[in-house]
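Work through the exercises below with the sequence and the model at hand. Each task is followed by a solution in steps.

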Amino acid sequence: MNRLVVVSNRVPLPSSGQQAGGLAVALDGLMEKRGGLWFGWSGSISDGPTAALARVESAGAVDYATVDLTQEEHDRYYNNFSNGVLWPLLHTMPELMRFDRRDARVYQDVNSRLAASLQPLLRPSDLIWVHDYHLLLLPAALRARGVKNPIGFFLHIPFASPDVLGAAPEVAGLVRDLLAADLIGFQTDNDMANFAAAAQCLAGAVRVSSSALMVSGRRVRLGVFPVEIEAHAFARMAAEMERAEGCERLRRSLQGQRLILGIDRLDPTKGLIQRLAGYRRLLEKHEDLRRRVTMLQIAPVSRKDVGSYQKLRGTLDHDAGELNADLGEADWVPLRMISRATVRPAVAGYMRLARVGLVTPLRDGMNLVAKEYVAAQNPQDPGVLVLSRFAGAARQMDAALLVNPHDADAMADALDTALRMDLAERQARWRALWAAIEHRSPVIWGRSFVATLLRATDPEARARRT
Ligand code: F6P
């Protein structure tokens, strides 16, 4: 079996003890089962010049090879360009983008430096799988160093349409360099169609089928691989955690009120301001629900050095305070907000307790919280998922109450419907949602990507196609 080399900006180093993000959660299981090399940023900033060679540590069958970033690289490559330009742009929020050519240059340099550190670790039969928007230039940077191995790339976030992309100078170069990969995977068919359109109009690619492009005589395979969760394991964790002390305390504190739960990183794409507006509208329209519901929003601070995130924190704190001050009573607080991270098992228990899971991003690649909320439910008495139609997950989960997160009235109506929904309808919707996730898993997802990469780069299969 070929060794799998995963490359991602963040690497879940066993020694770091940090909580894993969505990408790491998706890949952990596959790497544990299959073994291989995981390469990327160490999570540390080096004071002096960075070492050319990666540091390697091992755990089980996985070797983790990492390099540090300098402070300037962290500022310009990670904060400014990846999160200040590419993140809003690819989420179709170009108005939040802050473009500066110096950041673009450092982004390019870091991609090249990572390619240079990875190359000596590669073996001829390795399969390379690059992840996410931090590393769009890595496939071309590896090819420029003579790396011939199969290269797959998966984008965990959405891909915007070419006219939105045009807002960022130099974007054509990003699309062109990404096309050095053999397989490029997306969360939804919409993201794939946007990329195919961009590749044609910005990089001169020719579409030869619904899932293949030709670029400079090379065939590049495209594919849709929606990220999944380990639904059964999450369900077991939620059932167990429901009986844990922390969850019991939350239940007692609710005193019979119904819980509406939101779990998101504090991020402009998550629609948190709009969500509070929807909840506020619910309480204004339906006075009978006051004192009978409580909303808990867990929104751990993230990317705190990026301007738009700092601004959001201020606005959200303001709106949350105003909502409680305007609508709260001496003995009832409508909204509880937590900006610290909460560990996954505790979140699973809270999800099981919540009558409504409120997942309303303005745009999202997939959104695994939506899937986790469904998995966490008690099948006998399940809660209701209210889901933004702009989350990738909505394409697989149309038995949820789908809403437009920009429309506060629609959100209030969906919340009202969810809170009053009878048991039979809750169960029927939950069964349909569970059916959409129960037989899938991150390991199956990863294997299907790797199998497609192998097929796309198999010389015999290639010869048959030409
Ligand atoms: O794909 C988006 C993503 O990289 C997720 O995997 C992860 O949960 C999140 O963003 C965390 O971002 P950061 O690495 O900037 O903290």
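**Exercise 1.** Why does Arg303 count as partly exposed?

Solution. The model is a predicted one. Start with the position: Arg303 sits in the loop between strand E12 (293-298) and helix H11 (307-327). Next, take its neighbours: Arg303 has 18 C-beta neighbours inside 10 Å. A residue is buried at 20 or more such atoms and exposed at 12 or fewer. Arg303 therefore counts as partly exposed, with its 18 neighbours. Finally, look at the backbone: the phi of Arg303 is positive, near 45°, and the residue is not a glycine. Most residues other than glycine have a negative phi.

**Exercise 2.** Find the loop that holds Ser216, and decide whether Ser216 is buried or exposed.

Solution. Ser216 belongs to the loop between E9 and E10. Counting around Ser216 gives 11 other C-beta atoms within 10 Å, so the residue is exposed. Its phi is also positive, about 45°, although Ser216 is not a glycine.

**Exercise 3.** At roughly what angle do the axes of H10 and H14 cross, and which residues make the contact?

Solution. Helix H10 spans residues 272-285 and helix H14 spans residues 408-420. Their axes come within 8 Å and cross at roughly 65°. The crossing of H10 past H14 is right-handed. On the H10 side the contact uses Gln274, Ala277, Gly278, Tyr279, Arg281, Leu282 and Lys285. On the H14 side it uses Ala408, Asp409, Met411, Ala412, Leu415 and Asp416. Sorted by type, the residues of this contact are 7 nonpolar, 2 polar and 4 charged.

**Exercise 4.** How many residues does the largest nonpolar core have, and which helix gives the most to it?

Solution. The largest nonpolar core has 149 residues. Helix H2 (residues 71-90) gives the most to this core, with 8 residues. Among the residues with the most contacts inside the core are Leu387 and Leu415. Leaving out residues up to four places away in sequence, Leu387 touches Val359, Ala370, Ala393, Ala394, Met397, Ala400, Leu401 and Leu402.

**Exercise 5.** Is Leu69 buried or exposed, and what does Leu69 touch?

Solution. Leu69 lies in strand E4 (residues 62-70). It has 23 C-beta neighbours inside 10 Å, so Leu69 counts as buried. Beyond residues up to four places away in sequence, Leu69 touches Trp41, Ile45, His74, Tyr77 and Tyr78. From Leu69 to Val110 there are 41 residues in sequence and 8.4 Å between C-alpha atoms.

Key: Residues are numbered from 1 along each chain as its sequence is written. This is a predicted model: local features need pLDDT of at least 70, side-chain atom pairs count only at pLDDT 80 or more; totals for chains, interfaces and linings use all residues. Axes are lines fitted to C-alpha atoms, for helices over the stretch in contact, and angles run from 0 to 180 degrees between N-to-C directions. Helices (H or I, at least four residues) and strands (E, at least two) are DSSP runs, numbered from the N terminus. A crossing is left-handed if the near helix is turned anticlockwise from the far one by less than a right angle, and right-handed if clockwise. Two residues are in contact if their C-beta atoms, placed from the backbone, lie within 7 Å. Ala, Val, Leu, Ile, Met, Phe, Trp, Tyr, Cys and Pro count as nonpolar, Asp, Glu, Lys and Arg as charged, and the others, Gly among them, as polar. A nonpolar core is a set of buried Ala, Val, Leu, Ile, Met, Phe, Trp, Tyr and Cys residues joined through C-beta atoms within 7 Å.
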